[in-house]
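Thanks for coming. I have one model to show, and I will keep it brief.

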Amino acid sequence: MSARDLLVLLGVLASVLLSFAPSQTEAYLVDYQAELSNLSSLVIRDVAASWKTNNELNGELNRFILEKLANATVQARRADDLVANLLETAENSLSEGCNEQLDQLRREYRTAWGVDLQECARNTHFALEYDALTRFRPQASSVLRIFPSANYQTVRVIAMSDVFDSGSINQKLSDELRSYQELWSSYQPSLQQELDRYQDSVDDIGNGLDTCLTMIEEYRTNDLLLIETLIDLNCETMV
């Protein structure tokens, strides 16, 4: 074989080798990125499903609370209507001064009952807001901040590596993939635990509201009793 033929053959072999090298390199990079992207998609899909579940649970909690507040509002309005009827029925049998005192007392009680109910609602709102800010959402938000970066992690590794050291790049990508997998393994049960805490929130917030509503109902009962007593005595105890 002549020197010229040997050079031609070497050139052909070099071309073949060069044609394989990029595809092999591209394949291992693409494989890693595919695994990272698949993991990112899986995580985001699972978190979205958990977020939907949490929103549904929050909706149930809100309906539970609103039902209690609605019933308490109805009771307060009925109490006010009762006082109005009592005063109207007794008006002609009471002195002018007593009627004026009872009208003033009714306005004061009406205001107090409204303020008391608003305070119960305000405290419950704070509890709901605290639950929304501390249960599930912080953990889920962290996951959604972290895992989308997996979609371009291969490019980031290449950008921070010696492009001639494929072994180092391969190892770094392997480490990155394992890191994301371990991170999701720790977050996944944590998110479920946050969803499981929902019933504790229902109990705590519901019991707090019940305590508040029971207290103002007792106040209202005493107020009604006082008005009935004043009517019976023609306000003599206030003279």
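Predicted model: local features only at pLDDT ≥ 70, side-chain atom pairs only at ≥ 80, totals over all residues.

Residues are numbered from 1 along each chain as its sequence is written, and side-chain values use heavy atoms, with hydrogens and water left out.

Helices here are DSSP runs of H or I, at least four residues, numbered from the N terminus. H2 covers 96-134. Its 39 residues should span 57 Å at 1.5 Å a residue, and the end C-alpha atoms are 57 Å apart, which agrees. The expected span is 1.5 Å times one less than the number of residues. After H2 comes Phe136, with a positive phi near 70°.

How do H2 and H6 pack? Their axes are 10 Å apart, at an angle of about 175°, which makes H2 roughly antiparallel to H6 (over 145 degrees). The contact has 20 nonpolar, two polar and four charged residues.

H6, residues 198-233, should span 52 Å for its 36 residues, and the distance between its end C-alpha atoms agrees at 52 Å. Asn234 follows H6 with a positive phi, near 55°.

Last, the pocket. Residues lining the largest pocket include Arg77, Asp80, Arg110, Trp113 and Leu117. Helices H1 (3-90) and H2 each give two or more residues to that lining.

How values were computed. 1 Å grid on protein atoms, 1.4 Å probe; cavity = no way out; pocket = protein on both sides within 12 Å on 5 of 7 lines; lining within 4 Å. Axes fitted to C-alpha atoms, helices over the stretch in contact; angles between N-to-C directions. Parallel < 35°, antiparallel > 145°, perpendicular 65-115°, else oblique. Nonpolar A, V, L, I, M, F, W, Y, C, P; charged D, E, K, R; others polar.
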